[in-house]
Amino acid sequence: MSLENKVAIVTGAAGGIGFAIARRFVQDGAKVVIADLDDARGAAAEAELGALGEVRYVHCNVAEKLDVRNLVAATLDAFGDIDILVNNAGIVVGADFLDLEEADFDRVLGVNLKGAFLCSQAVARHMVDKVKDGGTPGTIINMSSVNAVFAIANQVPYSISKGGMNQLTKVAALSLAPYGIRVNGIGPGSIMTEMLASVNSDPAAKARVLSRTPMGRVGEPSEIAGVAAFLASDDASYMTGQTLYADGGRLPL
Ligand code: NAD
């Protein structure tokens with residue numbers, strides 16, 4: 001699998017799974033834009049990965065249309081093209097159904113789902129224009145979750161956002177297939193990042209997670225990056241509209 005000379009945007013890539021994807025893409029030969037709203041960690045990520053290849057950090061809140069517009073412009077300015085978009089930025093707000101605040105519902109849906117839509121639409125417009133000019137079609141990868149399929153009681157907007165993400169993958173795949181642009185998703189199980197920090201620091205929660213994971217361990221961000229590298233590459237050239245689950249066997253086998 002090679003991403004030689006491809007240009008990729010990875011959102012939420014200042015840390016966690018997004019950073020691992022950015023690292024893998026750079027190692028595979030891509031030029032990578034790290035899009036995030038944490039400027040300190042974004043700059044550190046740019047410096048670390050910049051030692052491996054061509055990397056830029058661009059400040060972007062994916063829930064803000066103007067930021068997304070700027071992200072596309074800054075990427076074209078830096079690298080002249082966009083071949084790959086990974087909609088990875090995501091947040092969790094834990095609250096039971098009866099207690100959830102409207103503002104938290106809006107915030108999670110705004111980042112996880114609307115953000116993915118805004119980035120996809122902005123980047124797809126560039127990709128479609130490129131195909132019409134005789135260029136190579138690009139590809140989009142959406143970060144979903146096993147929570148798209150099964151619900152967790154205190155993760156109401158998160159589960160809803162990821163269910164929506166799977167459907168976003170399908171409708172975008174359908175709309176963009178005539179241009180050869182592929183759209184797929186990844187549904188991680190429990191992956192060792194800051195998002196999982198509360199689980200890691202609570203032995204009972206960790207035991208609960210592991211008891212639901214047939215492989216008996218949480219995943220590493222690099223194990224999700226490997227799936228992203230496959231979906232982004234020409235090895236996945238006839239795949240679109242699919243969400244691949246990398247979850248240690250957590251979804252019912
Ligand atoms: P993380 O919290 O470690 O990292 C998320 C990154 O996104 C951070 O750098 C953060 O600054 C950035 N971010 C947050 N809001 C943003 C916004 N509005 N615009 C741009 N960037 C923003 O999370 P992670 O565990 O690496 O998760 C990455 C993705 O994987 C998320 O979509 C998450 O839902 C999904 N996922 C994670 C797990 C897991 O167990 N860690 C499981 C399933 C799915």
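Visitor: Which residues is Ile34 in contact with, leaving aside its neighbours within four places in sequence?
Guide: In this predicted model, the contacts of Ile34 beyond those neighbours are Val10, Ala13, Ala14, Ala22, Gly42, Ala45, Glu46, Val55 and Tyr57.

Visitor: And what about the largest nonpolar core: which members touch the most others?
Guide: Ile34 is one of them, together with Val10, Ala22, Val32 and Ala228. The core holds 68 residues.

Visitor: Which helix gives the most to this core?
Guide: That is H4, with nine residues. In soluble globular proteins, nonpolar side chains tend to be buried together.

Visitor: Changing topic, which residues come nearest to the ligand?
Guide: Gly12, Gly16, Gly90, Thr193 and Met195 do, out of 29 residues around the ligand.

Visitor: What is the make-up of that shell by class?
Guide: The shell around the ligand comprises 14 nonpolar, twelve polar and three charged residues.

Visitor: How many residues does H1 have, and what distance does it reach?
Guide: H1 has twelve residues, and its first and last C-alpha atoms are 17 Å apart. That is close to the 16 Å expected at 1.5 Å a residue.

Visitor: Why is H1 described as largely enclosed by the rest of the structure?
Guide: Because eleven of its twelve residues are buried. The buried residues of H1 are Gly16, Ile17, Gly18, Phe19, Ala20, Ile21, Ala22, Arg23, Arg24, Phe25 and Val26.

Visitor: What is found just after H1?
Guide: Gly29 lies there and takes a positive phi of about 105°.

Visitor: Now Gly249: where is its place?
Guide: Gly249 is in the segment after strand E7, which covers 243-246.

Visitor: Why does Gly249 count as partly exposed?
Guide: Gly249 has 13 other C-beta atoms within 10 Å.

Visitor: What is Gly249 in contact with, apart from neighbours within four places in sequence?
Guide: Its contacts are Thr213, Pro214 and Met215. The C-alpha atoms of Gly249 and Gly216 are separated by 9.3 Å, and these two residues are 33 residues apart along the chain.

Visitor: Finally, what does UniProt list for residues 6-189?
Guide: The unreviewed UniProt entry lists "domain: Ketoreductase" for them. Over residues 6-189 the chain is 49% helix and 17% strand, and the end C-alpha atoms are 28 Å apart.

Conventions: Residues numbered from 1 in each chain as written. Predicted model: local features only at pLDDT ≥ 70, side-chain atom pairs only at ≥ 80, totals over all residues. Near = placed C-beta within 6 Å. Nonpolar A, V, L, I, M, F, W, Y, C, P; charged D, E, K, R; others polar. Helix = DSSP H or I, 4+ residues; strand = E, 2+ residues; numbered from the N terminus. Expected span 1.5 Å × (residues − 1). Buried ≥ 20, exposed ≤ 12 C-beta atoms within 10 Å, placed from the backbone. UniProt positions renumbered as here; feature names shortened; annotations may be inferred. Core = buried A, V, L, I, M, F, W, Y, C linked by C-beta atoms within 7 Å. Contact = placed C-beta atoms within 7 Å.
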